[in-house]
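Keep the viewer open beside the text as you read.

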Amino acid sequence: MDRIFEFLFKYRPLVFEQGDFSFAAPGSVRLWLVAVGVVGAVAVASYTVARGKSSVADRGIMSGLRVALFALLVFCLMQPVLILSTVVPQQNFVGVLIDDSQSMLLPDEDGTPRTAFLEEAFDPEQGELLAALSDRFSLRFFRFSDVASRIDGLGELTFNGTHTDLGAALDAAREELSGVPLSALILITDGAHNSDRPLTEALVPLQAAGVPVFTVGLGEEIIAPDIEIGRVEMPRAVLEGSALIVDVVVTQTGLGPGTVPIIVEDDFRILAEETVELGPDGEPVVARISLELEGAGPRRVHFRIPIQAGERVERNNSRTVQIEVRGEREKILYLEGEPRHEVAFMRRAVADDDNIQLVVLQRTAVGKFLRLEISDSTELQFGFPASREELFRYRSLIIGSVEASFFSHDQLQMIADFVSDRGGGLLMLGGRSAFAEGGWAGTPVEEVMPVVMGEPAGGDDGFFAEIKVSPTPAGLAHAAVQLGLTGDAVSARWDSLPPVTIVNPISEVRPGATALLTGSSPDLRDDQIVLAFQRYGRGKSIAMTVQDSWLWQMIPPLEDQSHETFWKQALRWLIDGVPAAVEVVTDQEQVEPGETVRLIATVGDSTYIEVNDAVVTARITSPSGLVEEVRVEWTVQRDGEYVVEFRPTELGEYEVDITAERDGKTLGSDRTYMHVAPSDEEYFGANRHTQTLRRIADETGGRFYTPENVETLPDDITITGAGVTLVEQMPLWDMPFLFFLMLTLMGAEWGFRRLRGLV
Amino acid sequence: MAQQVPQVQRPTFSNALGPRRDPSEASGRWPFYWTRAIYSGYGRRGWGGGGWATDYPKGDRQFLAVLKHLVRLDAYDWENAISLADPELRRFPVLYMVEPGRMDMTEAEVVGLRGYLDAGGFLIVDDFWGQRQWAVFEYNMRRVYPDKAIVDVALDHPIYSSYYDIEEVKQVPAINNALRGYTSECWGCEAWIRGMYDDKGRLMVIINFNTDLGDAWEWAEDPRYPLEYSTYAYEMGANMIVYAMSH
């Protein structure tokens, strides 16, 4: 198309896009318009006077064609031109950035690797692109993968980079060439940008400097047949023995409909296997896999799909995810307003769970409490905590059938802060003194809860209904509701459980909250919200509105473990992700030797108020046992956040212990792990990312090319590039299009005369 | 001048108790039902001892009325007796069994009681005396659990401190014996508190042997009944219930 355009209009469309239209002939445009008017008037007059056999319409058409021809001639006589600035040959620089990552060695369908283009286009002897560029510009070559560096020639390329960071490459080239007149950057890559850093950060400085980036996309846009595990979504830490629901995103191209197994294993055994139904070409599908991890410590979980027949890329069929299995015993405070069977049965359900310490504070009379599972005799000795420090020691809080008036206003606010500021989990259970019936509406805690509390129901006798509980679609995908089962078995198990009772009718969740279980009954107009949750501030709140879940233990057959499983998972969910006062994470799950990793620590005091003047030390133990101690500094940008960078050099598991102190007193400590290993990231999403490359070109004023149309690149840089430029006028009067148009107008008049017998 | 004392009518159970449970409605309207086990046996109902219905229903109502003043408990005010063979038994996790010294459970009752205890139910046994009655009770419990031991529940067990701090086990007499000034019904025998534990070490049956808590509950309002024993009986009753509902 561009070639036809160039044939008709003399120049390529890019010239017209870049140039400003003008007339080079002397005299003003107004003068020329008068000339056109006069000539046109003469032409019209000549047709009007010489009538012959022609009608008025005939004379109108003919005079119109003649006027158009005269106008075209005048247009040419006015010498139309395009004015544009072009770079001065050999006075400007162009940076050529070449992708040096592993994906460049992937073969196309015909078996040639992506590097073949480089060998051909940049061959020192016969490379046409190299020659054309060298004629016009001084070239500077860069190689890049995760980092970019200057090279003298293509012989220095190794194609073993395991990450591609396009932004870092552009930054490095821009900075290196900042002191010279830079016309453009040429980015030759498949466009697979697998860094977390947004590209925009690198494009904005280029836009500001007016340096266009011309991108050359290599490889096929669709690699088929192929199947890929695109993403695995799994938490980075989990309490030992917790049920996990892991989302695995699978995409196929060219394999067609069908199913494939996903095998999940750790270093020792198969943990789970799930069959996933593949989606249409290029459309990702999500497989939900539930699994349970035993044994505290860092674990590597491998997700694998067996190689399918004819697959083009095999290394994207598996992914490995690092997870830390935490073995701590987490404390949950359960406050119950009166002796209730729920206490006994919940305790029974989690009794053999070494990771949960369910501390019970049960009011047995006015001012009298039964304390269970306390750590020492002073714990909760005065009843419910009266200070933030005392309450915030717990990871989560369960409130049973306790009326809101039991608490002081400060305590109610403290409970709300426990969720929003401390990041704790709050669970409210159904009961005579819970929710609206317990006077909780209008308290600071009401806003925290995920359900809408209406007016107290049922009058003096109270409300009472028996309901049958079933999971919602969201519940079926939630670990807390799975009851240790998968797929259709989950719904079937819930169906088999006996009805339970409610005394708090609740049928609405708050905006943003999610219902996981609902209950139905002939006595209810709307379904009862049985289990719902929402994020609130740093924490989460859960409402469990039934009052006798213990019936799920007492009534079903003895081998049915639904009650135990439900509460075990629900309480683990309640404490899952609840932060400690001092925590450390790494910014990447897995790094390569020599790659920079950031340790990010958050430090708070016992009331979870951020601390900025702590002395934070990281003790890093390498796989071979070498210990390095580094000081972690406050970032200043964010309260309580401390960061340090370091580069691991050994392959294997690094252990990072962090300690925070203030005024000689320890605020807290935490541990995390980091796996150092070569990455397979280059084999994921290894097709040509045309959209990314187009975006880079469009946002910087460059153009996108493929090997098929790259020969115009040198000319295009000449027209659109920055650097040392001169203004050039490009005449348009001799465009073949104008000649054809003249011929057409003359031919049309002659043809019309013939048609009408006026010749 | 003598002050006139106003005539105050003592409330009766019939007007002091709350509403009756609607038999067509599922249990659960009240969080706690004081539930009495109905079992098969040799004994006669009523006065003279023997049988599941001893002190029934006055003892149950009176126990609940006092208990609700002592413990913050949202309990059903009325008696609630149910057969060990009834599947609905499992809706009531705390169960009271009285005078098992003449029991002779049917196979269905044995199966029902075993399932109840295995599921998490808690059984309180009371008011049987002497070795002969013990042998009958033990025989029946052996039918439920052939291999589980019946052991003493020592005073350091949490059940003695779950609500009141109980420092000694007292022999609580039936009212007739109390009026005569002695406590034992088996001539010199001592009160024991024994128990049965499940496989995970949880107490699931507490056995009040050679003692009669039920009579103390039933006759606590009688000024002739010794306060020492009725106090102890209510303390023990409150402890057993609070313990059962939290352990």
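In helix α16 of chain A, the buried residues include A:Phe566, A:Trp567, A:Leu571, A:Arg572 and A:Trp573; buried here means that 20 or more other C-beta atoms, placed from the backbone, lie within 10 Å of the residue's own. Twelve of the 14 residues of α16(A) are buried, so the helix is largely enclosed by the rest of the structure. A:Gly577 follows α16(A) and has a positive phi, near 75°.

This is a predicted model, in which local features need pLDDT of at least 70 and side-chain atom pairs count only at pLDDT 80 or more, while totals for chains, interfaces and linings use all residues. Residues are numbered from 1 along each chain as its sequence is written, with chains lettered from A and ligands numbered from 1 in the order in which they are written.

Now to the partner chain. Chain B holds seven helices and seven strands, taken as DSSP runs (helices H or I, at least four residues; strands E, at least two) numbered from the N terminus.

| Property of chain B | Value |
|---|---|
| Residues counted as buried | 47% of 247 residues |
| C-alpha box along the principal axes | roughly 75 × 50 × 35 Å |

Where do the chains meet? On chain A, 28 residues are in contact with 24 residues of chain B, a contact being two residues with C-beta atoms, placed from the backbone, within 7 Å. The elements of chain A giving two or more residues to this side are α9 (341-350), β17 (356-365), β18 (368-372) and α15 (551-554).
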